[in-house]
Amino acid sequence: MRADLEIIQDWIAPGSRVLDLGCGDGALLEHLRDHKQVGGYGLEIDAEKIARCIERGVNVIEQNLDEGLGNFADNSFDVVVMTQSLQALKYPDKVLAEMLRVGKTCIITFPNFGHWRCRWYLTTKGRMPVSDFLPYTWYNTPNIHFCTFEDFERLCHELGARVEERLAVDHEHRHNLGSRLWPNLLGEIGIYRVSGSGLAGHRVAV
């Protein structure tokens, strides 16, 4: 599995019921099923990735995340996972609220646009950052809502959610003392575990 998925699977207890948003080829759900007796579903919109999920025997539903999670009941999953998709959503705040409604715990990963390289690129070149990790130019990027760790944590606070755990890692998903002390400056990717939104019973229209 990808390095970030290796970290995420450590945060999911055996026997949990999991919803994986933008599940890709189903690698995480397959691993959790085979090694932790985890059940659940993946949501995906890409037809080729859906076909790969089916080959793996992963339960998958074709669904656009921007249309919300109204087909799932409150607290119907122990864990809701969304990796590297938050910044590409039209309504990230509403989707996060829906995640917190249907899941007891949520795990979210996203790139940090407050990282020092992004700041340096803007300062020295006066242009939107382009790098190996963020290879897109401003006009063809799938990332439509750029945010930093500070932005995300403020959104969690506004939603009444609690950050239970946070890792600030580099593009190879390593973390060190510097990224623990100054995560918003030195972390390229955030891996968050959040819970406690208090939104059960209040579906959010997306």
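So, look at the outward side of α6 to begin with: the face turned away from its buried side carries Arg154, His157 and Glu158, which are exposed. By exposed I mean over 50% relative accessible area, by buried under 20%, and partly exposed is in between, with a 1.4 Å probe and protein chains only. Helices are DSSP runs of H or I with at least four residues, strands are runs of E with at least two, and both are numbered from the N terminus.

Quick caveat: this is a predicted model, so local features need pLDDT of at least 70 and side-chain atom pairs count only at pLDDT 80 or more, while totals for chains, interfaces and linings use all residues. Residues are numbered from 1 along each chain as its sequence is written, and side-chain values use heavy atoms, with hydrogens and water left out.

Across residues 149-158, the buried ones are Phe149, Phe152, Leu155 and Cys156. Looking down the axis of α6, those buried residues fall within an arc of 125 degrees, so they line one face of the helix. The arc is taken over directions from the helix axis to the C-beta atoms.

Thr148 caps the N-terminal end, with a side-chain oxygen 3.3 Å from the backbone nitrogen of Glu150. The polar contact rule is a pair of N or O atoms within 3.5 Å; within protein, one must be able to donate a hydrogen and the other to accept it, and residues adjacent in sequence count only if both atoms are side-chain atoms. Just after α6, Gly160 takes a positive phi of about 75 degrees.

Compare α3, residues 47-56. Here Ile50, Cys53 and Arg56 are buried. They cover an arc of only 120 degrees around the axis, which puts them on the same side of α3. Asp46 does the N-terminal capping, with a side-chain oxygen 3.0 Å from the backbone nitrogen of Glu48. Following α3 comes Gly57, with a positive phi near 80 degrees.

On to the sheet. It's open, with seven strands in the order β3-β2-β1-β4-β5-β7-β6 and mixed pairing; two strands pair if DSSP finds at least two bridges between them. β3 and β6 are the edge strands, each pairing on one side only. Further in, β1 and β4 run parallel and are joined by four bridges, with Leu19 opposite Val80 in β4.

How do the helices lie on it? α6 lies across β5, β6 and β7, at about 10 degrees to β7, whereas α4 lies across β1, β4, β5 and β7, at about 150 degrees to β5. Axes are lines fitted to C-alpha atoms, for helices over the stretch in contact, and angles run from 0 to 180 degrees between N-to-C directions.

Last bit, the packing. The largest nonpolar core has 30 residues, and Leu96 and Phe152 are among those with the most contacts inside it. A core here is a set of buried Ala, Val, Leu, Ile, Met, Phe, Trp, Tyr and Cys residues joined through side-chain atoms within 4.5 Å. α4 gives the most to this core, with six residues. Leu96 touches Phe152, Leu155 and Cys156, among others, not counting residues up to four places away in sequence.

Key: Contact means heavy atoms within 4.5 Å.
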